[in-house]
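Here is a short report on one protein chain. Look at the sequence and the 3D view first, then read on.

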Amino acid sequence: MWLLKLLAVLMICLMLLGQVEGSPLPELTSTKRRPRRMTPFWRGVSLRPIGASCRDNSECITRLCRKRRCSLSVAQE
């Protein structure tokens, strides 16, 4: 009889553990962070040279991003 009681207690503990394990955790990143802005000094220092990969014109030292590369001329052939 005590074996059945022990088994019942273990089953209840396992069920409770499953409930705790499956419960959603509160979001820790719920606070919105403002992205850091580069100062004009660092913006100028961080410009990429000709031939470096880029995403837009503001990343290149020549201000010309063509086909995801910093370019020297407007029209590439």
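## Overall layout

Helices (H or I, at least four residues) and strands (E, at least two) are DSSP runs, numbered from the N terminus. The protein chain has 2 helices and 2 strands. From the N terminus on, their order is α-α-β-β.

This is a predicted model: local features need pLDDT of at least 70, side-chain atom pairs count only at pLDDT 80 or more, and totals for chains, interfaces and linings use all residues. Residues are numbered from 1 along each chain as its sequence is written, and side-chain values use heavy atoms, with hydrogens and water left out.

## Surface and contacts

The accessible surface of the protein chain is about 7,700 Å². Carbon and sulfur atoms account for 64% of that surface. Accessible areas come from the Shrake-Rupley method with a 1.4 Å probe; for residues, only the protein chains shown count as cover. Of the 77 residues in the protein chain, 12% are buried. Buried means under 20% relative accessible area, exposed means over 50%, and partly exposed lies in between (1.4 Å probe, protein chains only).

Contact means heavy atoms within 4.5 Å. Take the contacts between residues at least 6 apart in sequence: 0% of them join residues at least 24 apart.

## A nonpolar patch

Which residues make the nonpolar surface patch of about 680 Å²? They are Met-1, Leu-4, Leu-7, Met-11, Leu-14 and Leu-17. Leu-17 lies in helix α1, which covers residues 2-22.

Patches are made of residues with over 30% relative accessible area and no salt bridge: like charges are joined within 9 Å, nonpolar side chains (Val, Leu, Ile, Met, Phe, Trp, Tyr) within 5 Å. A salt bridge is a side-chain nitrogen of Lys or Arg within 4 Å of a carboxyl oxygen of Asp or Glu.

## Glu-59 in its loop

Glu-59 sits in the loop between α2 and β1. Is Glu-59 buried or exposed? Its relative accessible area is 15%, so Glu-59 is buried. Leaving aside neighbours within four places in sequence, Glu-59 touches Leu-47, Arg-48 and Cys-54. A polar atom of the Glu-59 side chain lies 2.8 Å from the backbone nitrogen of Arg-55.

## Two positive phi values

Arg-63 is in the loop between α2 (40-45) and β1 (65-66). Its phi is near 60°, a positive value in a residue other than glycine. Arg-63 counts as partly exposed because its relative accessibility is 41%.

Lys-67 lies in the loop between β1 and β2 (69-70). Phi of Lys-67 is near 55°, also positive in a non-glycine residue. With 73% relative accessibility, Lys-67 counts as exposed.

Terms used
Polar contact = N/O pair within 3.5 Å; in protein donor to acceptor, adjacent residues only side chain to side chain.
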